[in-house]
Amino acid sequence: SQRNLCPNEKTKISFAKMENQPKTFTLNAYEEYYFEFDAKIFAALSKKGKNLEQQGIYQYVIQQHYSEETFESFVEACNLRPFKVTTNNAFELLDLANELEVNNIIKFVQDYITSKNLKRNEENDENTAKKQSFTAF
């Protein structure tokens with residue numbers, strides 16, 4: 001007897017569900033770090049992310065060098081979790097937020113810099129405003 005290997009004509013395969021799966025947006029930082037975000041949340045926060053998503057691009061390579069502390073804060077902020085801004089990472093976090101056009105982080109960090117009266121340290125930008133040291137008399 002011969003078996004029919006063709007599927008039943010009534011069988012339908014639908015791919016519609018796959019298109020509705022939540023996509024992730026990946027940030028690559030100089031082959032060391034990979035950060036993933038929910039693409040919809042990231043597109044809502046980042047103008048650059050939204051522009052890339054509209055082109056069907058879900059990946060971006062970070063152009064500048066940032067510290068691990070800065071990335072950690074940025075990732076927390078973009079996952080809508082509490083994040084840390086310190087005198088050490090404020091300017092880097094501002095630069096990263098500007099690079100990815102994340103306005104709510106830009107505003108928050110600018111307010112922090114203003115409130116702390118911080119000045120950018122051009123000599124050593126990776127640790128922008130070093131921890132202040134106090135001399136005991």
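Two strands count as paired if DSSP finds at least two bridges between them. The model used in these exercises is predicted.

**Exercise 1.** Find the bridge partner of threonine 24 in β2.

*Solution.* Start with the strand: β1 covers residues 24-29. β1 pairs with β2 in the antiparallel sense, over six bridges. Now look across to β2, residues 33-38. There, threonine 24 has aspartate 38 as its bridge partner.

**Exercise 2.** Give the strand order of the open sheet, then work out which strands stand at the edges and why one side of each lacks a neighbour.

*Solution.* The sheet has three strands, in the order β2-β1-β3, and its pairing is mixed. β2 (33-38) and β3 (59-61) each have a single partner strand, so they stand at the edges and one side of each has no neighbour in the sheet. Ignoring direction, neighbouring strands are turned by 20° against each other on average.

**Exercise 3.** Classify the packing of α4 and α5, and describe the residues in contact.

*Solution.* Take the geometry: α5 is residues 90-100, the axes are 9 Å apart, and the angle is about 55°. Angles under 35 degrees count as roughly parallel, and 65 to 115 as roughly perpendicular. α4 is therefore oblique to α5. The crossing of α4 and α5 is right-handed. From α4 come Thr70, Phe71, Ser73 and Phe74; from α5 come Glu92, Leu93, Leu96, Ala97 and Leu100. Six of these contact residues are nonpolar, two polar and one charged.

Definitions and conventions:
Residues are numbered from 1 along each chain as its sequence is written. This is a predicted model: local features need pLDDT of at least 70, side-chain atom pairs count only at pLDDT 80 or more; totals for chains, interfaces and linings use all residues. Side-chain values use heavy atoms; hydrogens and water are left out. Helices (H or I, at least four residues) and strands (E, at least two) are DSSP runs, numbered from the N terminus. Axes are lines fitted to C-alpha atoms, for helices over the stretch in contact, and angles run from 0 to 180 degrees between N-to-C directions. Angles under 35 degrees count as roughly parallel, over 145 as roughly antiparallel, 65 to 115 as roughly perpendicular and the rest as oblique. A crossing is left-handed if the near helix is turned anticlockwise from the far one by less than a right angle, and right-handed if clockwise. Contact means heavy atoms within 4.5 Å. Ala, Val, Leu, Ile, Met, Phe, Trp, Tyr, Cys and Pro count as nonpolar, Asp, Glu, Lys and Arg as charged, and the others, Gly among them, as polar.
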